[in-house]
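Please open the structure in your viewer and keep the selection panel at hand.

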Amino acid sequence: MRIITLEEHYTDRRLMEANNSLSIERPPMSPEQQEVMDFLRKRAFPGEQLLDFDKRIAFMDEQKIDMQVLSLTSTVNDGASTEDAKKICRMANDITREHMDEYPGRFGGFATLHLMDPKEAADELRRCVEELGFSGAMLAGRQRGRFYNEAEFLPIFEAAAELGVPVYFHPAFVPREVQETYYLSDAYSYVVGSELSSAGYGWHSEVGIQIARLILSGIFDRFPDLHFISGHWGETIPAFLERMDAILDQDITHLERSFSDYYKEQVYITPSGIMSNDQLEYLVKVMGADHMMYALDYPYVEVGDSYAFLTEANISDEAKELIAHGNAERLMGL
Ligand code: CA
């Protein structure tokens with residue numbers, strides 16, 4: 001069975017150097033923040049695997065993955081100027097294309113965009129799709145604390161709709177004030193609070209909120225051909241669809257359709273390396289296999305045998321084909 005995976009990250013020394021060479025004033029790290037950095041480096045920072053494409057190809061061959069759609073692991077330092085951010089994003093997109101050329105057929109790309117200037121970001125997305133052959137854009141977290149449903153970001157979604165490519169929403173660290181109010185506590189360590197605010201829960205719920213806000217802002221009425229991709233099995237939203245339809249009904253949203261109609265028709269979900277059979281079976285029932293795709297979050301997650309996870313799952317053969325490759329081929333022309 002052909003396997004295409006969609007949330008597969010890399011970085012490149014040229015980009016690390018470009019980011020490091022920016023002159024950015026950073027507040028000094030507190031001892032607690034330093035503790036978290038040390039912890040993350042020890043546990044979760046797979047530096048070499050992000051850089052090494054021989055290792056990546058070996059992993060793909062071992063896991064029977066035909067194609068990864070590449071994305072940069074993190075975009076640009078938040079304090080960068082618009083010009084610097086734009087330059088680094090262009091560079092990242094050109095490097096993604098280099099990898100696609102070096103290993104024909106093995107890689108696709110999601111555009112890395114600088115959102116300080118959404119109109120320019122939309123132009124860069126056009127370049128990425130029309131000239132570099134990319135499959136869409138990946139947006140991380142929020143833009144300096146702003147959610148993407150604000151009107152200033154419309155040009156990006158307008159471009160994605162016109163180009164017929166999806167936008168993949170990826171988590172990023174939540175703003176400091178959110179971390180302090182919601183996640184840090186004297187009752188447990190700073191590392192626990194920090195992990196709770198990020199990969200343990202918080203940044204996932206923030207992506208769920210991001211997509212809910214976009215839907216409620218009427219983005220899909222405005223762009224009926226626009227599609228989103230949400231990792232981590234939908235970042236908590238699918239379990240709440242009945243509730244959201246009941247509370248956020250059309251009497252108060254004044255949208256053309258119910259919340260769940262938009263979600264089930266214009267959002268696709270992926271596992272992002274959360275290898276849970278229960279989630280897979282449940283979400284085939286909720287979303288339908290025609291709105292699910294595959295993603296392993298390489299190289300951040302130990303996925304075991306990801307081929308067997310899908311091909312031996314307790315779902316129909318037709319569903320497996322759609323999730324493994326059929327939907328990605330249809331949605332992104334891969
Ligand atoms: Ca990821």
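Helices (H or I, at least four residues) and strands (E, at least two) are taken here as DSSP runs, numbered from the N terminus. The model is a predicted one, in which local features need pLDDT of at least 70 and side-chain atom pairs count only at pLDDT 80 or more, while totals for chains, interfaces and linings use all residues. Residues are numbered from 1 along each chain as its sequence is written, and side-chain values use heavy atoms, with hydrogens and water left out.

**First selection: the calcium ion**

Select the calcium ion together with Glu7, His9, His170 and Asp297. These residues supply its protein donors, through OE of Glu7, NE2 of His9, NE2 of His170 and OD of Asp297, at 2.1 to 2.3 Å from the ion. Donors are N, O and S atoms within 2.8 Å of the metal (3.2 Å for Na, K and Ca); water is not among the atoms, so sites may look incomplete. Along the chain the donors follow the spacing E-x1-H-x160-H-x126-D. Distant parts of the chain are linked here: histidine 9 belongs to strand 1 (residues 4–10), whereas aspartate 297 sits in the loop between helix 15 (277–287) and helix 16 (306–311), 288 residues apart.

Now colour by accessibility, where buried means under 20% relative accessible area, exposed over 50%, and partly exposed in between (1.4 Å probe, protein chains only). Histidine 9 is buried, at 1%, and aspartate 297 is buried as well, at 10%.

Move to proline 299, in the loop between helix 15 and helix 16.

Next, select arginine 144, in the loop between strand 4 (136–140) and helix 7 (154–163). Although not a glycine, arginine 144 has a positive phi of about 45°. This residue is partly exposed, with a relative accessible area of 46%.

Then select serine 272, in the loop between strand 7 (267–269) and helix 15. Serine 272, also not a glycine, has a positive phi of about 50°; it is buried, with a relative accessible area of 1%.

Finally, display helix 1 (residues 13–20) and helix 5 (residues 82–102), whose axes come within 10 Å and cross at roughly 175°. Axes are lines fitted to C-alpha atoms, for helices over the stretch in contact, and angles run from 0 to 180 degrees between N-to-C directions.
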